[in-house]
Amino acid sequence: MATVPKVALEERVEFGTDAWIQTLEAHLNGAEILGGANFRHSVSLENVPPHLMDGRDSPIGFVIDISAGRAVVKATDSRQSDGETTLDYNRAQLLATTFLGSNLDTAERRLKDAHHLAQSDLPIPFDAPGLDVELKSALRSAHDHMALRTIANPDVVQRAHALGLARNLAELDERGYTVLHDAFSDEFADELREEAHRNHDAAPPDVGFRATMLLKRGALWEEAVIHPWVIAVAEYLLGRGCLIYQSDSIIKGPGLDTHPGLHADYGASRVAEPFPEYCVEATAVWAIDDFDKPAGPTVIVPGSFRNRRQVPPGTTREDGVLIEMPKGSIAFWHGASWHGAMPRQREGKRTSLHNAYARFFMRPLERYDDIAEEVVDRNPPIFSTLCGLDDPFGKSGYHGADFARMRYAAAARYGSTAY
């Protein structure tokens, strides 16, 4: 039986909408620890998705006003006033959906990373200097409460452009792969490496170079799979509602040739030739260590996804180009692209994370619809979607299909893509 998340589908809201504002206000007033605090935070949102503008030509935004132990949150469509913060809608939404949790060190790193990905150093409400301790706690709790209920802008192209990914979309269209540079911090890379080596060291000696089913192995992997830049390019290729297909780490030692030859990733799912004109699976590879030539990087044949077939005999790695990228980068490619990897030519080990995504009607290699409820409940809605908990598949009963999820998938435009 599929896991049932604590936050129901009908509780999900789009950032900055009336429903979002009402949900935030209700939570703040239920906190009962606002005391005699006085606090005002006003945000004006620019580059708002067209479907939320409803014909308006002025920015939208919201104001949080706390006084006399009560919070009032209201929408504003006024022009910027004194003390008002102006943010790009999509960058503000990225910050708003970053769940921080109770571990202060982890929260500090996540917040720092979120500001980097959002390309913004503007503080969010609980981060303002000089706040009363109880008020800061209430605002922080409200932030996480909303992060677990806020869905991303469904206009994927507009969102990607706002996050600075326009060139990456163009590269996916033209050559079938792209590299997201400076996508994660050295600190996060070091945490991922340590956890990956812990998993690999605990495995029997004959298991090989992979550790799989990572979403059931700890919060670090959960955080990685919902990386907002990766999700944007994944939804561009695969449409809304896409699933996690497989999550695994690879540790590559001296001389190890993990992927001899070339292949397209559609082989495991036995996708028939000619492949569909649209992408059905795509992969993100995280460079936890440098991917230079001696490290044994990925090799790919640019534009090969257009062939819509598996690699023909006689095609070798020499027909491709190396994806060389520094630590902190993420390579992302169309699953029909012909690719492989070169053997490692130096001492030491190279660690990488491989997260593959698929369209919501595909059958993934790894099953996460039975993942522990507490894991789902500590992540934003996109995590539940990736695990296959939001779609109707496999959830029919004796009296019909899961029509609530069918309606949700339709309303959320699952499967829609600009590609």
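Author: Begin with a sheet. The model is predicted. Strands of a sheet pair through backbone hydrogen bonds, either parallel or antiparallel. Here 6 strands form an open sheet, with antiparallel pairing. The order is β7-β13-β10-β15-β9-β8.

Reader: Which strands stand at the edges of the sheet?

Author: β7 (177-180) and β8 (210-211) do. Each has a single partner strand, so one side of each lacks a neighbour in the sheet.

Reader: How many bridges pair β8 with β9?

Author: There are 2 bridges, and the pairing is antiparallel. Strand β9 covers residues 243-252.

Reader: Now the helices. Which strands does helix α10 touch?

Author: Helix α10 (residues 228-238) packs on the sheet and touches β7, β10 (281-287), β13 and β15 (350-358). Its direction makes about 5° with that of β13. Helix α7 (residues 166-175) lies across β7 and β13 (330-334). Against β7, the angle of α7 is about 155°.

Reader: Is Asp 248 buried or exposed?

Author: Asp 248 counts as buried because its relative accessibility is 2%, and the cut-off for buried is under 20%. Arg 210, at 32%, counts as partly exposed.

Reader: How many salt bridges does the structure hold?

Author: It holds 23. One of them joins the side chains of Asp 391 and Lys 395, at 3.2 Å from N to O. Asp 391 is buried at 3%. Lys 395 is buried as well, with a relative accessible area of 16%.

Reader: What is the closest N to O distance between Arg 405 and Asp 402?

Author: Those atoms are 2.8 Å apart, in another salt bridge. Arg 405 and Asp 402 are both buried. Salt bridges can also share partners. Arg 109, Arg 110, Asp 113, Glu 191 and Glu 223 are joined in this way into one network.

Reader: Next, a strand away from charges. Why is β3 described as largely enclosed?

Author: Count its buried residues. Strand β3 (residues 60-67) has 8 residues and 6 are buried, so the rest of the structure largely encloses this strand.

Reader: Which strands pair with β3?

Author: Strand β2 (residues 39-46) pairs with β3 in the antiparallel sense over 7 bridges. In that pairing, Ser 44 has Gly 61 as its bridge partner. Strand β4 (residues 70-76) is also antiparallel to β3, again with 7 bridges. There, Ile 64 is the bridge partner of Val 73.

Reader: Last, the surface. Which residues make the nonpolar patch?

Author: Tyr 278, Phe 361 and Phe 393 make a nonpolar surface patch of about 310 Å². Phe 393 is found in the loop between α12 (381-386) and α13 (403-411). With a relative accessible area of 46%, Phe 393 is partly exposed.

Methods:
Residues are numbered from 1 along each chain as its sequence is written. This is a predicted model: local features need pLDDT of at least 70, side-chain atom pairs count only at pLDDT 80 or more; totals for chains, interfaces and linings use all residues. Side-chain values use heavy atoms; hydrogens and water are left out. Patches are made of residues with over 30% relative accessible area and no salt bridge: like charges are joined within 9 Å, nonpolar side chains (Val, Leu, Ile, Met, Phe, Trp, Tyr) within 5 Å. Accessible areas come from the Shrake-Rupley method with a 1.4 Å probe; for residues, only the protein chains shown count as cover. A salt bridge is a side-chain nitrogen of Lys or Arg within 4 Å of a carboxyl oxygen of Asp or Glu. Helices (H or I, at least four residues) and strands (E, at least two) are DSSP runs, numbered from the N terminus. Buried means under 20% relative accessible area, exposed over 50%, partly exposed in between (1.4 Å probe, protein chains only). Two strands pair if DSSP finds at least two bridges between them. Contact means heavy atoms within 4.5 Å. Axes are lines fitted to C-alpha atoms, for helices over the stretch in contact, and angles run from 0 to 180 degrees between N-to-C directions.
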